[in-house]
Every structure is written in structure tokens, then in C-alpha cells.
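Biologist: Before we discuss any terms, please show me the sequence and the model.

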Amino acid sequence: MYKYPTRLHHFHSSIKKKNIPHIKMTSQDQKSNTTKTPIGEPDFRSSIRLKYVKLGFHYLISNSMYLLTIPLLLAVAANLSTSDLQRTLETCNYHLRYNTLTVFACTSLMAVLATVYFMSRPRAVYLVDFACYKPDSSLMCTRDEVTEKVSKFISEECGVFTKKVLDRSGLGDMTYIPGLKEFPPKQIFESTKEEAKAVIFGAIDNLFEKTRVNPKDIGIVVVNISAFNPTPSLSSMIINRYKLRGDVVSCNLGGMGCSAGVISIDLAKRLLQVQPNTYALVMSLECVSNFYTGKDRSKLLPNCLFRMGGAAILLSNRFSDRRRSKYQLTHTVRTHTGADDRAYASVTQNEDADGILGISLSKDLMAVAGDTLQANITRLSPLVLPASEQLLFVAALMARKVLKMKHVRPHVPDFKTAFEHFCIHTGGRGVLDQMEKNLRLTEWDMEPSRMALYRFGNTSSSSIWYELAYAEAKGRIRKGDRVWQLAFGSGFKCNSGVWRALKTVDPNKEIHNPWSEEIHRFPVSSQ
């Protein structure tokens, strides 16, 4: 399979921002700039014309079926005389009167085939609603507080390193870390368990209040968390707390990294295909109370980036829930490159030289991420890109490979023709910068991801839901809009989830949205 040229193979390139000097223009310069295009700079008028040409081509190809069918039907209707119509009706009446058995057999066959077709179709999966957990304000921390704790209890050198990372991370001073005041925690297991309970029960309580679903109607429970897996499992904790029924199907996914949120959605979707008329509860979270307290810099990075958070999602395969659901799941695409040793070892949990457990990030991580992202997008593109984009891609490919026209550049697909909203995992400011560049997205497209990183930090697998909640709080979600959730994590894995909005989300009617009380303050500069 030929890979779509999204330029993600350059993902591992330097993610440091270039220093671009700010040039202040005088009023005379601005006036002259509007009348003459400087030498060596692009002609933006030509770019705008090209943009509208591409837009017209997109609409022409996307609606080609209507453009061809409607004139054909009009031509047939114009040539169909009254006598021809009367002759056709007489023929139908004849067969109904004298070939009743044949008509009955044909009708029965059509009914059987239609039944088989509709019964074999996969069940539609609806997202009734979701709830993101917003921790108590007493757990809020600043970057300086994190640096101070690291310097005091680990070493001054590690504190300097932590400050340097935090200053370039894209995180703000209003993220949440439980137990920072008692750092380092004396009882790591108990502290982490209490954090898990707070996140899980807080998010699910809000979800049940929003949806008014009886917990007894839940038939499937899927929980994903990477670094904390107690016994009994967290899924059993949910079953015990909400007294779910005895035949509930429960799954607890561990060690699957930041992309596990989409994996859980995909697993729930597959289970909903074989469990009719039921609900699936998905809980995505990560615990950060189990701090790494050693001096290995590769293991200090998660301390700098990861923060407290989680999201509860309610899915349904009941057609009666369609009217009240927010979204319908259209595609899930999962890519796993764990067969490659370099990809498998890019994110690992192990002990340092002093026997302290932590998560290491290898120097190959960015290169591995770029390769895996490109593989995932290559599989997703044919499913979501409009015919116009695919036609341009094929034309460019044929010109280069068949006609040997080396001057023809590979066509980079415009994913904004396939999606209105992008929820990209908040892996860090450098990661988001590269995604914006390689996918050719705008600041508006990246705003939910950047603001989620700034306000809540890297909340691991639940970050894509904080981003969707941001888009809802801003009043951006309209009926028919398409949402792309893209996440990547250890293994190495990259997973995509595509949703279609079933209704316009009114932010004034939303409850338990973590952004509602402060959305007027965003966006802010995260530099």
C-alpha cells in the first residue's frame, strides 16, 4: 500500500521553535505592502484564487453523482410520453392479475434479501454523552511548585532540568497533581488508589446525572489505565460501587499507554455488535500519584508532563437513543508497530540504577511516533477523504510513478475536507507543533488541543475528551460535523476515532463540562 505523503516521516526532526524576529511595520510600509508584493514572498492573492479553485473542484467531485443523475432523470422524464406511461401501467396490471405466483415469489425474495441485508449490517454505536473529571481546586499546582519539590527532595540538578522542560512543555499554572504538598508520598499504593477512586467516581457520577441512565442497564464496562492495576481491578471497583448486574461484561485494560482511550472505544464498539439493546460504560484515566523519585532524566519527563484527569463515556446501540445522543461512531482505525524492536522499546517501565521504578522515554520515540502516525493515517485516509482528494492523490501518484514526471509533487491530502474538528492527544507542545505543520492545520484547528494541554496538562488517554469538551463549551459543534480523535502511546500504537455529530451542542444547556465556568478566558497564549 502506498503511503499518503503527510510528511510525518519528518516528525522526529527538531521540535524547537525557530526564533523569528518581530518586525514592526510603519504605516507607510503597510500601505506600500498592500499595493506591491515583495520579491521572494508568496503572492497571497494567487494563493486565495487557488484555494477557491480547489474548493470548487472538491464540491464538483463530491456532488458528481447528483450532477450526473439529475439531468439523466430529467431527460428520461422529458422523453416519456403519456402513452408509454399508460402502456407500462397496463403491463403491471396484467402481471398482477395473471402471474400472481411469480409476483408473490419475487416480492418474497426481495423481502428476504432486504431482511438479510439489514440484519447483517453492523449495529450503529451512539455516544449518548461523556463527562470529564475536574479535580478540586486544592489540588491545583503551578510549574514553580513542581520545580521546587523536585529540587528539594530529589536534587537541584533535577530541579533545573524539570524547570527547563516545564518552560517548553505548553503546560500552564492551573493543572492538578494530587499529593504534591506531601511529596514524596509515604504510601504510594494507597495514595494512587485514592486518586483512582476520586477520578472514576467523580466522572461516572456526573455522567449518570447527565444521561439519567439506570446503572442496572449497563451491560459492558471497559476501563483503561496504564501504570496502576490493583486487585480487585478498577472495573470491579466500578461494578461494586454502582451495584451493576451480574451478567455485565467487564474489561480492564492496562499498560496500553496514552492511546488506550480510542482502544477502549473500539473494544466497546465490538462488544456492542454482539450484545443487543444495551449500554457500554467506558472509563479512561491515568494516575499520577506514583511519582518517580529518582534522578534518571528519561524517567523525570512523565513527572513534568502528566497530570490528574479522567473521562467517562456512555455508548449505546439502542436505536431509540439516537435522538438524544450527541455523536455516532463512524470509524476506528488502530495501528500497532510493536513487532519492531525499536518501536516496542520506545516507552518502557523499568527500574533505574537505584532500583526506583519509572517510565523511560527513548531517544527514538519521535521517529517511531512519526512512522506509526503515517501508517495509521494511510489506513484512515481512504475511509474519510472525499473523492476529490483521493482523485488528486491518484493523479499525482500516476504522474510520478507511471509517467515518470519527477517535477510533480506528491499530493498531501487536506484533512480539513474530511473533518471539522481535531482532537489530537496532548503529548506536549513540540508534538502539537509538528502535528499542526504536517497535517497543515490552522491555529483554530489546534486550539482545543493546545488549551487542554495548557489548562489540564497531559491527562493521558482522557486528553482527547477534554479537547472535545472544549469544542462543545465554545459552541463549535454543529449537527453533521465530523470529529477526528487521534492518540498515540506505548507499544508503539497510534489509534484514530471518527465521530459524526447528531445534533448541535448548546453550551448553555450543558452541565458538568470542565470548561463551562472559565471558557470565556480561553484561548490564551501557551508560549
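**Terms and values**

Modeller: Glu518 is buried, at a relative accessible area of 7%. This is a predicted model, in which local features need pLDDT of at least 70, side-chain atom pairs count only at pLDDT 80 or more, and totals for chains, interfaces and linings use all residues. Residues are numbered from 1 along each chain as its sequence is written, and side-chain values use heavy atoms, with hydrogens and water left out.

Biologist: Why is Glu518 called buried?

Modeller: Buried means under 20% relative accessible area, exposed means over 50%, and partly exposed lies in between (1.4 Å probe, protein chains only). Glu518 has 7%, so the term buried applies.

Biologist: What makes Glu518 and Arg455 a salt bridge?

Modeller: A salt bridge is a side-chain nitrogen of Lys or Arg within 4 Å of a carboxyl oxygen of Asp or Glu. For Glu518 and Arg455 the N to O distance is 2.7 Å, so the pair meets the definition. Glu518 lies in the segment after S13 and Arg455 in helix H16, so the pair ties together parts that are 63 residues apart in sequence. Helices (H or I, at least four residues) and strands (E, at least two) are DSSP runs, numbered from the N terminus. Arg455 has 2% relative accessibility and therefore also counts as buried.

Biologist: How many salt bridges does the rule give?

Modeller: The count comes to 23. Among them, Arg324 and Asp321 meet at 3.1 Å, N to O. Asp296 and Lys299 form another, with their closest N and O atoms 3.4 Å apart. A network of salt bridges links Asp129, Lys210, Lys326, Glu472 and Glu510.

Biologist: Are Asp321 and Arg324 buried or partly exposed?

Modeller: Asp321, at 4% relative accessibility, counts as buried, whereas Arg324, at 33%, counts as partly exposed. In the other pair, Lys299 is buried at 3% and Asp296 is partly exposed at 28%.

Biologist: Why is Val402 called exposed?

Modeller: Val402 has a relative accessible area of 51%, which is over the 50% limit, so the term exposed applies. Val402 lies in the loop between helix H14 (387-401) and strand S11 (421-424).

Biologist: Which residues make the nonpolar surface patch?

Modeller: Val394, Met398, Val402 and Leu403 make a patch of about 370 Å². Patches consist of residues with over 30% relative accessible area and no salt bridge, where like charges are joined within 9 Å and nonpolar side chains (Val, Leu, Ile, Met, Phe, Trp, Tyr) within 5 Å.

Biologist: What is the pLDDT over residues 12-50?

Modeller: pLDDT is the predictor's confidence in each residue, from 0 to 100. Over residues 12-50 it stays under 50. Where pLDDT is low, the predicted coordinates should not be read in detail. The protein averages a pLDDT of 85, and 85% of the residues score at least 70.

Conventions
Areas by Shrake-Rupley, 256 points an atom, 1.4 Å probe, with all protein chains shown as cover. Contact = heavy atoms within 4.5 Å.
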